[in-house]
Amino acid sequence: MAKKFLFVNRKAPYGTIYALESLEVVLISAAFEQVVSLVFMDDGVYELTRGQKTDAIGMKNFSPTYSALGDYEIKNIYIEKESLEARGLTLDDLQHLVWEDEDDDWAEKDSIHLVSSKELASIMADQEVIITF
Amino acid sequence: MSTLHTINKSPFDRNSLGSCLRVISDSDAILLIEDGIYAATSGTIFSDVVKAAVQSHSVYVLGPDLSARGMKEDGIVEGVNVVDYEGFVDLVTEYDKTNSWL
Amino acid sequence: MPIEVNGVSHETDEEGYLVNLADWTRELGEALATEDDCELTDAHWEVINFLREYYEEYQIAPAVRVLTKAIGKRLGKDKGNSKYLYELFPYGPAKQACKYAGLPKPTGCV
């Protein structure tokens, strides 16, 4: 039975393993046909920055994988506005993630939603399972 | 005895940079590495802290850690110097000791 | 157990997946399939090449449901369905095709 899962990402990539572990669990949950949404808040917003290049630190650059989330039917990715602003970032600094609507001739639709802390509270209240990394 | 302070935690996540600045000596320098590099990026709520720090101390940031995280060298606080791994080694030898704020 | 092609030995894991992605060649893909008594046709290669391109772009091997849908989009509905893909790869399309493509087992595959 499908449940509404929300994965809350709060850690920067590469410095710890949390961001990558979260991504793996997200993909597994989505592969098991759960209804999966994501939140990026606090340092988690850094996971989605454009132009990550990890050759010199000898770690796998997993940022391209976020573009596959649409294929996994993940259509709702919430970015907390307050976290972005505290870091001097805007949505333009982040990857533009979309999902393709099979029923609308594969039209690309935005997955990213910029939300306030207050809006995030009601999104979180609406979930059946919340897992925070 | 001069000290090179390395900070590897994001300022948003831990207060290691703040604690370091509280106890730093005049002859010391700071090197931001790993998630510590976010402190060097401009326009954040910590930019003023770093702007003040570069007035009194040498502040460095590790380039490979900036690029891994998609942060550009031209988007960092003025006065912060970018170093590569060789520069990291030079700094370690230049200062009498290293304090790694974990 | 390593797999040998043209006198060069390549490391595989306990399930026969290539350990070093960079080792992969078309010949090695064929050798991996031969070990399973599977002869690769153009239809197989279409899926294997698709998986390699997908991995190149997204750095993951897609789950079977994702693969089926993506194949449907790329190669048409007559190929983007479980029946067609399971006929080609009876051990599971994502799992088996990934093996010959030299990719890791898809995330979420048990």
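**Where chain C meets chain A**

Let's start at the place where two chains meet: between chain C and chain A, nine residue pairs are in polar contact, counting pairs with both residues at pLDDT 80 or more. That cut-off is there because this is a predicted model. If you look for the parts of chain C involved, the elements that give two or more residues to the side touching chain A are helix H2 (42–58) and helix H3 (64–75) of chain C. Sorted by class, that side of chain C has eight nonpolar, three polar and five charged residues.

Four salt bridges are found across the interface of chain C and chain A. One of the residues to look at is Lys73(C), which forms a salt bridge with Glu100(A); their closest N and O atoms are 2.7 Å apart.

Now step back to the whole interface. Here, 16 residues of chain C are in contact with 19 residues of chain A. About 1700 Å² of area is buried between chain C and chain A, and carbon and sulfur atoms give 55% of that. On the chain C side, look for Arg65(C), Lys69(C) and Lys73(C): together they supply 37% of the area that chain C buries against chain A, more than any other three residues.

Finally, a word on the cysteines. Over all chains, the count of disulfides is zero. Are Cys20(B) and Cys98(C) buried or exposed? Cys20(B) counts as buried because its relative accessibility is 0%, and buried means under 20%. Cys98(C) is also at 0% relative accessibility, so Cys98(C) counts as buried.

Technical notes: Residues are numbered from 1 along each chain as its sequence is written. Chains are lettered from A and ligands numbered from 1 in the order in which they are written. This is a predicted model: local features need pLDDT of at least 70, side-chain atom pairs count only at pLDDT 80 or more; totals for chains, interfaces and linings use all residues. Side-chain values use heavy atoms; hydrogens and water are left out. A disulfide is a pair of cysteine sulfur atoms within 2.5 Å. Buried means under 20% relative accessible area, exposed over 50%, partly exposed in between (1.4 Å probe, protein chains only). Contact means heavy atoms within 4.5 Å. Buried area is the accessible area (1.4 Å probe) that two parts lose on being put together, summed over both. A salt bridge is a side-chain nitrogen of Lys or Arg within 4 Å of a carboxyl oxygen of Asp or Glu. A polar contact is a pair of N or O atoms within 3.5 Å; within protein, one must be able to donate a hydrogen and the other to accept it, and residues adjacent in sequence count only if both atoms are side-chain atoms. Helices (H or I, at least four residues) and strands (E, at least two) are DSSP runs, numbered from the N terminus. Ala, Val, Leu, Ile, Met, Phe, Trp, Tyr, Cys and Pro count as nonpolar, Asp, Glu, Lys and Arg as charged, and the others, Gly among them, as polar.
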